[in-house]
Amino acid sequence: MVPLLQLDIVGLLPTEVALHILSYLSWKTLLYCGLVSGRWRILANDPSLWKRLCTARGWAWKEPSLVSRSVKWPAMDAPQHDTDDEGMGDEEDEIMLDAPSASMEDSGFVSMDASVDNSDIAPSFFQSSHAERSRRHDSYSINAQPSSRHSAPAVIPSQPTPRLRPDYKLLCLSRIRLRHNFLAGSYRLSVLQTRGQPNSHTNTIYCLQLYTYPDTGVQVLFTGSKDCTIKEWDLRSGALIRTIDGVHAGSVLSMCVYGGYLASAGSDSTVVLWDLAKNRLVKIIEDHLDSVLCVRFDDKRLVSCSKDRTVRTYLFPDLTRQHVMGGHRAAVNAVSISSKFIISASGDRSMRLWDAETGALVRTFEDHHNRGIASIDLDFPFVLSGSSDKHIRLYNIESAQGWSTSPEFDTQAAVPLPSLASVPLEEDSETGDTTLAMCHNCGGAVPVGDSSTSIPNAVEATSRKSRQQCSHGDLVRSVALGPEFVVSGSYDLTVKVWDRKSGRMLANLSGGHTGRIFCVGSDCTKVVSCGEDQVSLWHVLAASYSCVLRKYAF
């Protein structure tokens, strides 16, 4: 009887059947299974199991970069900043006293008083005729290679190398390790370009976006600036790939890159669509009556919003006019889209949800913040917003629940976390019976009263206060909503990373900017930001393969 009980049932099964059984296990359990025996190790390391785990999370294998990771980035120099506030218009009381000054702002967004009618105020560039603007657009240029090159070439010559066999186990464990480092706040700061460096922007950088070419897997960064140009950067080498100029007569305030196309919006009231593969201009849209503050598009439509208080939609492939949505009482600072809905945010402190097909107003969220809303991102039904009230807010449109760094709008109860166990203070502490619990935002220990108080209730009572302590110190200019993390950038010169589910602050990234931050972005390996001075990259520190496995005795 005893020998029968010692049979390795899984190991004796046909490989296909054994792999089917193991396919129901998590990555951690697979690692433990590999410690049982040689047979189990072979089964647990089967690429099909790890490929399934990666596919379920949308993780794709990419060829390692041929460029050395020891690239030396430019040193940070203190730039000369603009003296005016180009990121935001006057607040309500100031506009009532001096309305014309707000119209002259060349900014990424404005916050306007709903009671002021400034429809007769036009920027100076509207004085030019349509014919003059057409001649300007005909003179655009695409500088694929700068005449005086001070950086590595866009394509680095190399000897042909054999393609590596995809290692999905390495991919899975590396992504998990990166996530852990995101949670731990482990980052390395580098600078892509600073003002004054060769080939760099000569003025404030208003917008950026990470983009990976689907055919080559090469990741690049696009930046748009007040110098009226768009630049594309190779993130492997820091090289400038191309500069697009001559189409915008004002600042490039927003951009969206998707499916091989780039849409840019500017203070010259235009939206421009580019074909990146063919390096050619596709179309210029000149329908807005004032600066276009944000542009987004997907496979079906392009959406733009403007200081003229309207949201406009256009249908592909010809970008024919679809809808003009009005109703906001101030400039529409940002839009975000999903397959069925469009959401807009305005300086009137409201958000509006629109039906993408019909253009009908679905719902209005009045007083969503205490001051004008500057930025927004949508992952329906969740919407993330940042405001000049210095706070961010993640809101579920369907359940009307969510968290915010402002206690007034924090409608989410404290989320139980594994580390919420009470931690008694040292015996010689003057606080006596005081216990500690983890702050949901900054991750630090916070006092929650005497030991008789239940920890969950105490944390719920103190979480709103801790969120407020971790909030930004100035206007939140940009937000990015990821699957697990939230990133925000502010005039206070910091970028903050938050846990999407709990609202806990994971990292406070400072020291990367000496001027106001205007745009942020992220992926699983880094956070990027731009502003008055430069483009900064915070790389998430990743351990080696052996370090990832060390915990599991591999």
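Student: Is cysteine 519 buried or exposed?

Tutor: Buried means under 20% relative accessible area, exposed over 50%, and partly exposed in between, with a 1.4 Å probe and protein chains only. Cysteine 519 has 13% relative accessibility, so it counts as buried. This is a predicted model, in which local features need pLDDT of at least 70, side-chain atom pairs count only at pLDDT 80 or more, and totals for chains, interfaces and linings use all residues. Residues are numbered from 1 along each chain as its sequence is written, and side-chain values use heavy atoms, with hydrogens and water left out.

Student: How many disulfides does the structure hold?

Tutor: A disulfide is a covalent bond between the sulfur atoms of two cysteines; here the term is applied to a pair of cysteine sulfur atoms within 2.5 Å. The structure holds 0 disulfides. Cysteine 207 is in none, and its nearest cysteine sulfur, that of cysteine 519, is 6.4 Å away. For cysteine 519, the closest cysteine sulfur is in cysteine 530, at 4.9 Å, which is too far for a bond.

Student: Which residues have the most contacts inside the largest nonpolar core?

Tutor: A nonpolar core is a set of buried Ala, Val, Leu, Ile, Met, Phe, Trp, Tyr and Cys residues joined through side-chain atoms within 4.5 Å. The largest one has 21 residues, and Trp27, Trp50 and Cys172 have the most contacts inside it. Cysteine 172 touches Trp27, Trp50, Leu53, Cys54 and Trp59 (heavy atoms within 4.5 Å), leaving aside residues up to four places away in sequence. A second, separate core of 19 residues includes Val220, Ile230, Met255 and Leu281.
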